[in-house]
Amino acid sequence: MKKKYIGQSTMTANVSSKKVWNLWKDVNNWNKWDEGIQSIRLEGNFQKGGKVFMMGDNPDEIQIEITDVKEEISFSDITKLPFGSIKTHHEIERLEGGNIKLTHKIEAYIEGEKENDFFSQNIWPEMQKNLSNAVFNILKLAN
């Protein structure tokens, strides 16, 4: 049994898209805006194929691969897990009047009934909460 989970947070603010982009590119400091990250490091460059190693609440280090980068617009990544995968997409949309719309989206694909039970009860609620907090924190830091 494979189940798909989708979460998204979008907020609009009058902040510099360049400042948001610089916060995203500074992978080693993502924990300043994402409360679910204990430590993080980028190996290589912030580009397609770049590898990110993250420690969250789980004691195991997670490897993330950057799958797409559109300079100052968006980036995507994927985390492959023993029981599925998690894809994230981050996007800046420039609006009139200097505003931007900032979106973070997560798609998780989880295999197995027990794995889905565990994921839906123990991991997914925290991921959803961190999603909105991360978008808010980025906009606050970019202000």
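User: Why is E43 called partly exposed?
Analyst: In this predicted model, E43 has a relative accessibility of 41%. Buried needs under 20% and exposed needs over 50%, so 41% lands in between and E43 counts as partly exposed.

User: And what makes the contact of E43 with R41 a salt bridge?
Analyst: The N to O distance between their side chains is 3.5 Å. The cut-off is within 4 Å, so the pair qualifies. R41 is partly exposed as well, because its 34% also sits between the two limits.

User: How do you know that K51 and E65 form a salt bridge?
Analyst: Their side chains come to 3.4 Å, N to O, and that is within 4 Å, so the pair counts. This one links distant parts of the chain: K51 is in strand β3 and E65 in strand β4, 14 residues apart.

User: Are those two buried or partly exposed?
Analyst: Partly exposed: K51 comes in at 25% and E65 at 29%.

User: Why is E107 called buried, then?
Analyst: Its relative accessible area is 17%; the limit is under 20%, so E107 is buried. Its salt-bridge partner K105, with closest N and O atoms 3.4 Å apart, has 27% and is therefore partly exposed.

User: How many salt bridges does a search of the whole structure find?
Analyst: Nine.

Note on methods: Residues numbered from 1 in each chain as written. Predicted model: local features only at pLDDT ≥ 70, side-chain atom pairs only at ≥ 80, totals over all residues. Heavy atoms only, no water. Buried < 20%, exposed > 50% of the residue type's maximum accessible area, 1.4 Å probe, protein only. Helix = DSSP H or I, 4+ residues; strand = E, 2+ residues; numbered from the N terminus.
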